[in-house]
Structures are given as C-alpha cells and as structure tokens.
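Here is a friendly briefing to read with the model open beside you.

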Amino acid sequence: MIAIIDYGMGNLRSVQKGFEYGGHEAVVTRDLHVIDQASHVVLPGVGAFGDCMDNLVRFELTDVIHRSIASGKPFLGICLGYQLLFSESEEFGCHKGLGVLAGKVKAIPRPTEDGETLFKIPHMGWNTIQVNTDAPPLRGIASDSYVYFVHSYYVEPADHGLVSTQTEYGIPFASSVWKDNIFATQWHPEKSQAVGLQVLKNFGDWQ
C-alpha cells in the first residue's frame, strides 16, 4: 500500500488516481500508523516552501518522513515535496527544509535582453527531460520525453551525482534526483500523461 502524505497542500487525489491507474493501492493520509505501515511513501506538494514546512511540523509529520526514508522503503517526492527534502530554500526568505539531502532551493533566474524577460516565471507547461541515471522509477522512460512543470524555484543539489534527470529552462537544472530508496521530481508525474503514469507505476513496482 502506498501512503500519500496529506499535510493540507498538494494535488493529492490526482496522485492517488495515477497510482490506481497503474494497479497500485494508494491512500491519502496523515495517520502516522498508516504511513509507518505503508510499503511506499509519497510526499507531494503545491504552494510556498515555508508554509509547507510549517504544516509538516504542525501535523507532526517530519519524524515519520525521516523514519520512512531511514527504513529503506521507496520514497517519492513530487514538486514542492521534492524541494522539501533538501537543506533550505530562499523562497520568501530563508527556510530550513527536511535536510534529507544536501542542497539549496533557489529562484529560477530571469535573464533579460533589451529589457525584455526571455523566460516566463513560473516555468509552467511541458518541457523535456534528459535522463542521466537508471533510477527504477525511470524504467522505460527515454531522454527527450515531455513532462509537466509548474514552479518558480529549482533545486541545486550539493552532490550533482544525484541528478537523475536534467531540464533546460534558461539554465540547466536538476529536474529529478535519485539516492538509494529516494526518488524525487520537480515535474508532476500525475500531470504528465503516459510518461508520468509509467513513472508512478514503476515507483509502485519498486521493491
């Protein structure tokens, strides 16, 4: 059973439906016992970094996240849930993250030419990924596959060896990372049609 952590922010039902489409049972929950007993855990997220961290603390979910990861069970971070795994974010000030992975969340640069902004912020819509690793959730996913993004900040991991996919949007950035039992994506698998559904199925199959 896959536990999708509910801390009051995120596109939870769409993620749940994506797993169900691939034949995996998934529940949306903030029940600590259910999360502890789950075979897989998902941390989704939409919104501001600081608000999400505040909610995780308020619902007493930070310890169960650390326990889940330490247990070795497959763990998936999505969008803001990806960013929250890192040390800190500069979104609306400096905010400490979960610190599972070393790195910083930074604003996407706004390059200009003759006073005109060259790239719209947020980065919203379809873009391609370049696959760098054989992370289990990426099985069968080719480079140049299109996935769906909605974000204004990106992760700069301290260890660039963790970068599982890379994407260009004004700058190259880490659009997903993989370390041991952790896989996390800046893009939204639940919004990425066939490619995203395959990633969710692969994650559910991951042992």
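How many bridges join strand β5 (residues 86–89) to strand β7 (residues 101–107)? Three bridges join them, and the two strands run parallel. This is a predicted model, in which local features need pLDDT of at least 70 and side-chain atom pairs count only at pLDDT 80 or more, while totals for chains, interfaces and linings use all residues. Residues are numbered from 1 along each chain as its sequence is written, and side-chain values use heavy atoms, with hydrogens and water left out.

- Helices (H or I, at least four residues) and strands (E, at least two) are DSSP runs, numbered from the N terminus; two strands pair if DSSP finds at least two bridges between them.
- E88 stands opposite K104 in β7.
- A102 also sits in strand β7, and at 45% relative accessibility A102 counts as partly exposed (buried is under 20% relative accessible area, exposed is over 50%, and partly exposed is in between, with a 1.4 Å probe and protein chains only).
- Leaving aside neighbours within four places in sequence, A102 is in contact (heavy atoms within 4.5 Å) with F86, S87, P157 and A158.
- The C-alpha atoms of A102 and W187 are separated by 20 Å, and these residues are 85 apart along the chain.

- Strand β3 (residues 40–43) pairs with β4 in the parallel sense over three bridges, and F75 in β4 is the bridge partner of V41.
- β4 also pairs in the parallel sense with strand β15 (residues 182–185), over four bridges; here F75 has I182 as its bridge partner.

- Strands β13 (residues 163–169) and β14 (residues 171–179) run antiparallel and are joined by six bridges, with T167 opposite F173 in β14.
- One residue lies between the strands of this hairpin, and G170 takes a positive phi near 80°.
- β14 pairs with β15 in the antiparallel sense over four bridges, and S176 stands opposite T185.
- This second hairpin has two residues between its strands, and D180 in the turn has a positive phi of about 55°.

**Nonpolar cores**

- A nonpolar core is a set of buried Ala, Val, Leu, Ile, Met, Phe, Trp, Tyr and Cys residues joined through side-chain atoms within 4.5 Å.
- The largest one has 33 residues, and Y7, L43, L56, L84 and L85 have the most contacts inside it.
- Helix α3 (residues 49–58) gives this core its largest share, four residues.
- Not counting residues up to four places away in sequence, L43 touches residues including I5, Y7, L56, F75 and L84.
- Another core, of 28 residues, lies apart from it, with L138, I141, F183 and W187 among them.
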